[in-house]
Amino acid sequence: MANNKYSFMQNNEKTIFRFYRPDMIAFQYYLEANVICQKGSNSDVTFHVPIPVMVENLTSPAGGSITPDLMAIEFLLVIVFTPSLAHSDVFASIGHMTDLLFTERDLVTSLKDYIRAEENKLAQIKQWADKLDLLSTAATSDPDGFLGHPVNAFKLIRRLNTEWSELEHLVLTDTADAFLSNLTIQRQHFPSDEDQSGAAKALTRLLDTYQLDTDAISTGKILGSSSAYTSQSVLTVDDCFELGRVAYSEGDYYHTELWMLQALRQLEKGETPGVVDAVMILDHLSYSVYQQGELERALDFTKKLVELDSTHQRATGNRKYFEYQLAKQNKVAQSEQGGRDENHQPNDYRSERKKYEQLCRGEGLKMTARRQSRLFCRYYDNGRHPKYVIGPVKQEDEWDRPHIVRYHDILSNREMETVKELAKPRLRRATVHDPQTGQLTTAPYRVSKSAWLGAFEHPVVDRINQRIEDITGLDVSTAEDLQVANYGVGGQYEPHYDFGRKDEPDAFKELGTGNRIATWLLYMSEVQAGGATVFTDIGASVSPKKGSAVFWYNLHPSGDGDYRTRHAACPVLLGNKWVSNKWIHERGQEFRRRCDLQEDV
């Protein structure tokens, strides 16, 4: 068949394969196509899809004919595609999660259609049953007299022979087919267990970072939240139990205790649970408290559990064990494991983490009043640049050392929406550079999705790149493509540097454009609460403001990294955070930002 001539084309939903053979009888059959779907973990999954194919009776344009052995024809159609949500890490992007709302809405509509169909079927059955009930009641009161009439005798035979069979067919009619088919189709877009676990961890992260209590999150009363959604944004007993269960599976017994206690409180207030009961909650709660070294409290919870279920074998055994341990001790000794289970983390990490969380809450800022008085707002034309002489941009000093500036009203709403629309279909879990392997990999401390946009892809992207060059005075031809990022539930990026350090000499070697000399960070959405960009070394915090861009140099004029620029993206407490980054590299800046032997000039 390799030597045969044929054409292959798409005709709406039907695939037409045309053979040039005058005596061929038109027929239709199915191709089995290998469809390769790239899932979130770079692994290719191949599955088969039947595609209707019509082979038509056609004459060769050259006058000849093709006579392939039809029984031996084999087709291999490889379709490579990337579905918008057929991948993991849905929780890492609010932009992708908005699609889930419409998916669920479609399913609800389909479910209601199924309910109406079932109700209509039951109404017909009920009507038929009511009619026969009256008839059979009258007939059985005087069977001989009723059947003495020939019409009644005929109708009885007809009913039993025909109408009851029709009723059976009606009862057996499955009205759920349409709903189940739609559910099967939509299920490919559903979040995974990994997504559910990631979202649960995100809520716990917000709990810590912003020093919230579980009740505030459970009731939806988070600072800055709209009252219109508060009544719907509540956690049930089952929700709180699930949050505690995820922490439990991670060995995080501190947060397991917090969420299990919240679930227990709501249960004791009279809330009706779904599948969770007090025994399940107390079982997890007693063990998590024990793991934190609080034997006496663990025993109290275990006793409550045994009172509710005296046949619970594990609880009965734990009760005896806890009582034995307490009897051995003259007094209860608090274990060193108490509090958060972070003993595996170095002290410098915990210190920076504390500083990071303080800055996210607006605490610990290090700007003195005297230094504050030296920060100004101005109209900026970048040395009388022709584009900005008449219409200069608004520039604001955010920090003095290192100099961090914000440019206001850099992009219009239409431009920002265009960038989002371009990026959204391509959003993938954001990665970080692994200094050990030199490869890009996902990390739990960076919860967002990103996409890269080249200047050639759309005029708006090209205009943005040119605008960055005009304002900063730096050459962007050697810069990386525009990276667009959307943060998910509790989305964050913990403290990091944008530039390659001395222990990472090959960080950007493959680009051949040197180190990242500067960062341009553009905020493309309003965030109701959280989501600030904080600089942990200098104690600075920059709040996201839609349409504004923040700019700073990562390298000193000497070319050495400026370690004061270590920064982080705080978890998004409320809202949908979109940003875009432009990392500008050293090459091309030799005459735009001159080198110097001194770090700061």
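Buried means under 20% relative accessible area, exposed over 50%, and partly exposed in between, with a 1.4 Å probe and protein chains only. This is a predicted model, in which local features need pLDDT of at least 70, side-chain atom pairs count only at pLDDT 80 or more, and totals for chains, interfaces and linings use all residues. Residues are numbered from 1 along each chain as its sequence is written, and side-chain values use heavy atoms, with hydrogens and water left out.

**Exercise 1.** Find the disulfide in the structure and describe it.

*Solution.* A disulfide is a pair of cysteine sulfur atoms within 2.5 Å. Searching the whole structure gives one disulfide. Its partners are Cys-360 and Cys-570, with sulfur atoms 2.0 Å apart. The angle about the S-S bond is -90°, and the link is left-handed. Cys-360 is buried at 11% relative accessibility, and Cys-570 is buried at 0%.

**Exercise 2.** Determine how the axes of helix 10 and helix 11 are arranged.

*Solution.* Helices are DSSP runs of H or I with at least four residues, numbered from the N terminus. Axes are lines fitted to C-alpha atoms over the stretch in contact, with angles from 0 to 180 degrees between N-to-C directions. The axes of helix 10 (residues 278-291) and helix 11 (residues 295-308) come within 8 Å and cross at roughly 160°. Angles under 35 degrees count as roughly parallel, over 145 as roughly antiparallel, 65 to 115 as roughly perpendicular and the rest as oblique. Helix 10 and helix 11 are therefore roughly antiparallel.

Note on methods. Helices (H or I, at least four residues) and strands (E, at least two) are DSSP runs, numbered from the N terminus.
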